[in-house]
Amino acid sequence: MTTQEKAPHAVRRRVVLFPLPFQGHLSPMLQLAELLRARGLAVTVLHTDFNAPDPPHHPELAFVSIHEALPHVATSPDADIVAQLLALNNGCEAPFREALASLLLLREDVACVVVDGQWYAALGAAGVLGVPVLALRTDSAATFGSLLAFPRLRDAGYVPIKEERRDELVPELELLRVRDLIRIDGSDVDALCGFIARVADAVWASTSGVVLNSFDAIETPELARIEKELSCPAFAVGPLHRMCPGPAPAEHGLHAPDRGVTTQRRKRGGDRDQIEGR
């Protein structure tokens with residue numbers, strides 16, 4: 001049989017993605033989805049009904065809602081962010097597991113699942129189902145490295161951050177100072193530490209690798225440190241907004257971009273041109 005005869009029967013491998021339903025997480029995940037699709041992979045996006053993406057903006061992607069039921073604290077814009085993330089994880093674990101299990105029963109072409117790194121419950125659920133799991137970190141490698149080190153830093157007295165230690169270098173994080181460590185103003189430190197520990201434990205226990213929205217040339221030592229600590233690959237695939245071949249940036253998120261800064265810059269440029277007689 002010739003290659004041309006085989007081609008119609010070829011099955012594209014599929015990647016399943018599960019973004020966290022917030023602007024700064026949804027946008028990179030959809031950009032990654034478009035990048036994977038451009039490389040020849042089929043892509044299915046599992047998503048919450050809360051802050052759901054807009055499928056018409058991504059006609060080449062498949063979208064499946066997990067149909068979760070969430071308490072008010074999980075969706076309120078006034079909620080403490082740590083309490084909100086804990087409630088989202090609790091409320092979405094079972095619906096995600098059921099949606100993914102149903103998809104795996106229907107399809108035999110799923111190569112792996114990419115789950116936002118804040119979904120510690122979903123990372124564990126996907127791992128139990130036996131499919132390879134990658135965690136997408138939408139932050140830098142340096143930030144993720146400091147997250148992995150957070151429990152040790154607390155034990156060493158760096159957390160909670162004390163004013164008199166703000167300018168101290170953190171020994172195991174090279175150029176980072178105490179003031180650069182993760183903090184959420186107004187959140188309970190114990191709750192934050194507990195959430196970070198769950199995220200770190202889920203990554204250690206369930207993932208085959210970590211995908212970071214960064215690039216090797218700018219964070220080589222940090223990426224090497226992550227790979228050593230997790231004993232799995234760290235794939236630096238960013239910056240995703242520059243590499244993505246798909247829709248315009250406005251279509252990757254929940255809100256249209258704020259053009260105010262650009263408008264003001266153009267206005268100032270026009271005023272300068274008038275002053276200089278251009």
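The model is predicted, so local features need pLDDT of at least 70 and side-chain atom pairs count only at pLDDT 80 or more, while totals for chains, interfaces and linings use all residues. Residues are numbered from 1 along each chain as its sequence is written, and side-chain values use heavy atoms, with hydrogens and water left out.

I begin with the sheet. Seven strands form an open sheet with parallel pairing, in the order β3-β2-β1-β4-β5-β6-β7. Strands here are DSSP runs of E, at least two residues long, and helices are runs of H or I, at least four, both numbered from the N terminus; two strands pair if DSSP finds at least two bridges between them. At the edges stand β3 (62-65) and β7 (234-236), each with a single partner strand, so one side of each has no neighbour in the sheet. Within the sheet, β4 (residues 110-116) and β5 (residues 133-137) pair in the parallel sense over 4 bridges. V113 has V133 in β5 as its bridge partner.

I turn to the helices. The axes of α4 and α5 (residues 120-128) come within 7 Å and cross at roughly 25°. Axes are lines fitted to C-alpha atoms, for helices over the stretch in contact, and angles run from 0 to 180 degrees between N-to-C directions. The two helices, α4 and α5, are therefore roughly parallel to each other, a term for angles under 35 degrees.

Methods. Angles under 35 degrees count as roughly parallel, over 145 as roughly antiparallel, 65 to 115 as roughly perpendicular and the rest as oblique.
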